[in-house]
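The stops below are given in the order in which they may be selected.

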Amino acid sequence: MKRIAISLSLLSFLAAVALYSQTTPADSLFPVRGFCIAAPQPAELDDFIKFIRNDLAPRQVNTLILRVDFNYHFTSHPELRDEVALSAADVKKIVATCQALHIRVIPQINLLGHQSWAGKVNNLLRVYPEFDETPYVKMPENYEWPNADGLYCKSYCPLHPGVHKVVFDLVDEICTAFEADAFHAGMDEVFYIGHDSCTRCSGRDKAELFAGEVTVIRNHLAEKGRQLWIWGDRLIDGKTTGMGEWEASFNITYRAVDLIPKDVMICDWHYERADQTPVYFAMKGLQVVTCPWRMPDVAVQQADDMVRFRLQSAPEMKDRFAGLVQTVWSPFGDFLQEYQDAADRSGGEKNTSANCFKALFDHMITLQQP
Ligand SMILES: [Zn+2]
């Protein structure tokens with residue numbers, strides 16, 4: 001009897017696992033169907049929850065990358081909070097909504113690069129200026145590109161002995177708050193790395209510095225079973241591909257593609273062409289998602305390409321082509337306005353992130369039809 005009881009409980013357990021892990025047509029075509037946006041301001045929270053429920057879930061979004069940065073009431077480092085920031089209770093509401101709708105939430109804090117924007121230093125280097133890779137570069141009153149300092153965004157020094165203690169406190173706290181099994185570290189558009197003026201980094205190989213920082217972050221996350229996601233641009237050779245210094249690397253970091261751990265998820269953003277770079281990443285053994293922004297025609301092509309890559313690959317490669325993530329680079333309130341306006345009018349600008357989101361996800365649902 002005991003054996004039967006065990007067998008029955010095993011069967012019901014297996015049935016539950018099968019039910020829970022049942023793959024849908026959407027999962028087999030596009031395992032990751034993602035949406036990436038800045039975390040809302042506290043005053044926008046109710047609208048954001050409604051948007052998740054009424055617009056993301058019905059379109060079969062299953063991954064939500066939320067760019068949180070300092071928009072959270074960190075208790076480990078209150079000195080790094082934004083003045084107005086999400087509370088733990090606010091985050092719980094987002095988490096509960098997403099869990100009920102089977103949406104995986106992946107919080108993001110920009111690590112390494114993007115520590116300033118235009119003429120403003122962001123919280124980490126404002127509070128801890130000693131972490132600055134280029135402290136001699138002063139922020140201009142009127143930011144212009146190009147400029148004599150080559151200042152796009154500030155970076156922290158990955159070899160500063162104190163920097164990881166602080167940023168990993170934030171990473172751990174935000175992952176716990178969002179109950180996340182993955183974390184997005186940004187790491188795009190890093191122009192300042194291995195700078196000649198940094199006594200720790202000067203003369204070092206920039207690809208090794210970049211890969212070293214990816215590896216340190218990845219290993220920290222792996223201790224708690226969490227996966228690292230990053231943007232892919234630093235791993236592409238900008239000169240040979242003609243993709244330039246934003247969408248790809250002009251400062252030799254691209255050789256890091258062969259140096260980073262293979263379980264890092266690459267978010268491969270291309271906004272104006274359906275570049276075939278997912279094949280490059282997959283052939284390096286890395287999982288990759290394609291990330292469009294505001295051109296519906298490009299996003300639809302990228303979805304078609306993702307299907308083709310999966311169909312035309314050996315089983316070893318197929319699952320590295322993980323899906324797509326729609327990126328939004330305007331604040332949530334502005335995006336929502338654009339999204340609602342677009343529903344009311346047939347004219348107007350076609351190339352917007354709201355239109356791109358609709359076209360991409362409508363197309364992905366169409367592709368599931370027999
Ligand atoms: Zn340095």
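Select Glu133 first: in this predicted model, glutamate 133 has a relative accessibility of 1% and therefore counts as buried, the limit being under 20%. Now display the zinc ion. Which residues coordinate the zinc ion? The ligands are Glu133 through OE, and Cys157, Cys198 and Cys201, each through SG, at 2.2 to 2.3 Å.

With the four donor atoms shown, inspect the angles that they subtend around the zinc ion. These run from 100 to 118 degrees, and the arrangement is therefore tetrahedral. For reference, the ideal angle for four tetrahedral donors is 109.5 degrees. Along the chain, the donors of the zinc ion follow the spacing E-x23-C-x40-C-x2-C.

Move on to helix α3 (residues 45–56) and helix α4 (residues 88–100). How are α3 and α4 oriented relative to each other? Their packing angle is about 10 degrees, and the axes lie 10 Å apart. Since angles under 35 degrees count as roughly parallel, α3 and α4 are described as roughly parallel to each other.

To view this contact, select Leu45, Phe48, Ile49, Ile52 and Arg53 on the α3 side, and Asp90, Lys93, Ile94, Thr97 and Cys98 on the α4 side. By class, the contact comprises six nonpolar, one polar and three charged residues.

Within that selection, centre on threonine 97, which is part of helix α4. Threonine 97 counts as buried because its relative accessibility is 8%. Apart from neighbours within four places in sequence, threonine 97 is in contact with Ile49, Ile52 and Arg53.

The last stop is isoleucine 236, located in the loop between β7 (227–231) and α8 (238–241). Is isoleucine 236 buried or exposed? With a relative accessible area of 2%, isoleucine 236 is buried. Not counting residues up to four places away in sequence, the residues that isoleucine 236 touches include Met243, Tyr254, Asp268, His270, Tyr280 and Phe281. Finally, draw a distance from isoleucine 236 to threonine 352: their C-alpha atoms are separated by 26 Å, and the two residues are 116 residues apart along the chain.

Definitions and conventions:
Residues numbered from 1 in each chain as written. Predicted model: local features only at pLDDT ≥ 70, side-chain atom pairs only at ≥ 80, totals over all residues. Heavy atoms only, no water. Axes fitted to C-alpha atoms, helices over the stretch in contact; angles between N-to-C directions. Helix = DSSP H or I, 4+ residues; strand = E, 2+ residues; numbered from the N terminus. Parallel < 35°, antiparallel > 145°, perpendicular 65-115°, else oblique. Contact = heavy atoms within 4.5 Å. Nonpolar A, V, L, I, M, F, W, Y, C, P; charged D, E, K, R; others polar. Donors = N, O, S within 2.8 Å, 3.2 Å for Na, K, Ca; no water. Tetrahedral: all angles 85-135°; square planar, octahedral: opposite > 155°, others 65-115°. Buried < 20%, exposed > 50% of the residue type's maximum accessible area, 1.4 Å probe, protein only.
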